[in-house]
Amino acid sequence: MSLVDPLDVKAGAAAGTVGDLAPDSNNQSPDEGLIEDFAIVDKKAVEQLAEGLISHYLPDLQRSKLALKELTQNQEVLLETLQQEISKFKECNSVLDINMLFSEAKYYHNKLVNVRKEMMMLHDKTSKLKKRALRLQQKRQKEELEREQQREKELEREKQLTAKPAKRT
């Protein structure tokens, strides 16, 4: 018996022969001939068919397994590379945030410098005003002192000009 013979028997049974009943006949079920077909195929033929099937497909399956393993490794490498790129983007965003903070710091530093200049200018103005006020105060005091001295001189002069009664002796 060859490997092809059992298949031909099955094919003949599946295709139907001239002596078979019509498919709509209720006398025979579609599964009735299967047990008889299995009895015809012997175990050695089944083993040979299985070995042939395995030997035919096993190399392709092993190559597919290796290809899948290689693809999985490549995917892992790609995932790792992608994670590194994502971390670079995050780092780039943090650099942008840092740049924004530096620009804000520069803005507020300039603002602080301007406030300091303004305070220095105001300090200079107040110092000048204080000096001027002190000079004016000293000038007024000097003028008042001169007026007071002038008044005293006038009072003294008036006293000297007023008639003095003669002393009795």
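How exposed is Y107, in terms of its relative accessible area? Y107 is partly exposed, with a relative accessible area of 48%, where partly exposed lies between buried (under 20% relative accessible area) and exposed (over 50%), judged with a 1.4 Å probe on protein chains only. The model is a predicted one, in which local features need pLDDT of at least 70 and side-chain atom pairs count only at pLDDT 80 or more, while totals for chains, interfaces and linings use all residues. Residues are numbered from 1 along each chain as its sequence is written, and side-chain values use heavy atoms, with hydrogens and water left out.

**Overall architecture**

The protein holds three helices and zero strands, and reading along the sequence gives the pattern α-α-α; helices (H or I, at least four residues) and strands (E, at least two) are DSSP runs numbered from the N terminus. Of its 169 residues, 2% count as buried. The accessible surface, computed by the Shrake-Rupley method with a 1.4 Å probe, comes to about 16600 Å², and 59% of that area belongs to carbon and sulfur atoms.

**The aromatic pair**

Rings of Phe, Tyr and Trp (its six-membered ring) are paired if their centres lie within 6.5 Å, with planes under 30 degrees apart called stacked, over 60 edge-to-face and the rest tilted. By this rule the count comes to one aromatic pair. The ring centres of Y107 and Y108 are 5.0 Å apart and their planes stand at 70°, so the pair is edge-to-face. Like Y107, which is partly exposed, Y108 counts as partly exposed, at 48% relative accessibility.

**Salt bridges**

Side chains of opposite charge can pair when their charged atoms come close. A salt bridge is taken here as a side-chain nitrogen of Lys or Arg within 4 Å of a carboxyl oxygen of Asp or Glu, and the structure holds four of them, including those tabulated below.

| Salt bridge | N to O distance |
|---|---|
| D60 and R63 | 2.1 Å |
| K88 and E85 | 3.6 Å |
| E148 and R151 | 3.4 Å |

D60 and R63 are three residues apart in helix α3, which means that about one helical turn separates them. K88 and E85 likewise both lie in helix α3, three residues apart, or about one turn of the helix, and E148 and R151 also both lie in helix α3 at a spacing of three residues, about one turn.

**Surface patches**

Patches are made of residues with over 30% relative accessible area and no salt bridge, with like charges joined within 9 Å and nonpolar side chains (Val, Leu, Ile, Met, Phe, Trp, Tyr) joined within 5 Å. For charges, Lys and Arg count as positive and Asp and Glu as negative, with His and the chain ends not counted, and the place of a charge is taken as NZ of Lys, CZ of Arg, CG of Asp or CD of Glu.

On the surface, a patch of positive charge gathers K125, K128, K131, R132 and R135. R135 lies in helix α3, which covers residues 43-161, and R135 is exposed, with a relative accessible area of 54%. A nonpolar patch is formed on the surface by L53, I54, Y57, L58 and L61, which together have about 500 Å² of accessible area. L61 lies in helix α3 and is exposed, with a relative accessible area of 54%.
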